[in-house]
Amino acid sequence: MSFSINLGAWNSVFAVPCSLVDQHIKLAGALQLKVLLWVLRHAGESLTVEGIAKSLSANPADVKDAMSYWTETGMIAESGGAESFAPGK
C-alpha cells in the first residue's frame with residue numbers, strides 16, 4: 001500500500017505553534033483545540049466569541065471558556081474588549 005499527499009489541500013495552509021503540540025495537546029479539550037485552530041486560520045481578522053461560536057456550531061459560553069484557556073496560556077490575547085481576540089505572541 002502506498003500513500004501520497006493531496007497537494008490541492010496544501011495550497012492554503014496556516015501555521016500551528018509547536019508549543020500547542022508540545023505543551024497543550026494533552027491538556028486542551030476538543031472544543032478548545034477547535035477554537036484555537038479556527039482562530040489561527042482566521043488570524044488577522046476581527047474575531048468575536050459569537051462569530052467563532054456560529055462558525056463552529058458551538059455554544060458561545062463554551063467558546064468563551066475555550067478562549068479563556070488560550071488567553072491564560074498566552075496563545076491568544078484579548079484586544080479591543082472582552083469579546084474580541086487576536087493570536088498572541
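1. The side chains of His24 and Tyr69 are joined by a polar contact of 2.9 Å. A polar contact here is a pair of N or O atoms within 3.5 Å; within protein, one must be able to donate a hydrogen and the other to accept it, and residues adjacent in sequence count only if both atoms are side-chain atoms.

2. This is a predicted model, in which local features need pLDDT of at least 70 and side-chain atom pairs count only at pLDDT 80 or more, while totals for chains, interfaces and linings use all residues. Residues are numbered from 1 along each chain as its sequence is written, and side-chain values use heavy atoms, with hydrogens and water left out.

3. His24 lies in helix α1 (residues 18-24). His24 counts as buried because its relative accessibility is 8%, the cut-off for buried being under 20% relative accessible area (1.4 Å probe, protein chains only). Leaving aside residues up to four places away in sequence, His24 touches Ser19, Tyr69, Trp70 and Thr73, where contact means heavy atoms within 4.5 Å.

4. The protein chain has four helices and three strands, in the order α-α-β-α-α-β-β from the N terminus. Helices (H or I, at least four residues) and strands (E, at least two) are DSSP runs, numbered from the N terminus. Of the 89 residues, 27% count as buried. Among contacts with a separation of 6 or more, 47% are between residues 24 or more positions apart.

5. Helix α2 (residues 30-41) packs on α3 at an angle of about 110°, the axes being 11 Å apart. Therefore α2 is roughly perpendicular to α3, a term for angles of 65 to 115 degrees. Axes are lines fitted to C-alpha atoms, for helices over the stretch in contact, and angles run from 0 to 180 degrees between N-to-C directions. From α2, Leu31, Lys34, Val35, Trp38 and Val39 meet Ile52, Ser55 and Leu56 of α3. The contact of α2 with α3 has six nonpolar, one polar and one charged residues; Ala, Val, Leu, Ile, Met, Phe, Trp, Tyr, Cys and Pro count as nonpolar, Asp, Glu, Lys and Arg as charged, and the others, Gly among them, as polar.

6. Helix α3 (residues 49-56) and helix α4 (residues 60-73) cross at roughly 115°, and their axes come within 9 Å. α3 is therefore roughly perpendicular to α4. Val49, Ile52 and Ala53 of α3 make the contact with Pro60, Val63, Lys64 and Met67 of α4. By class, the contact of α3 with α4 has six nonpolar, no polar and one charged residues.

Methods:
Angles under 35 degrees count as roughly parallel, over 145 as roughly antiparallel, 65 to 115 as roughly perpendicular and the rest as oblique. Buried means under 20% relative accessible area, exposed over 50%, partly exposed in between (1.4 Å probe, protein chains only).
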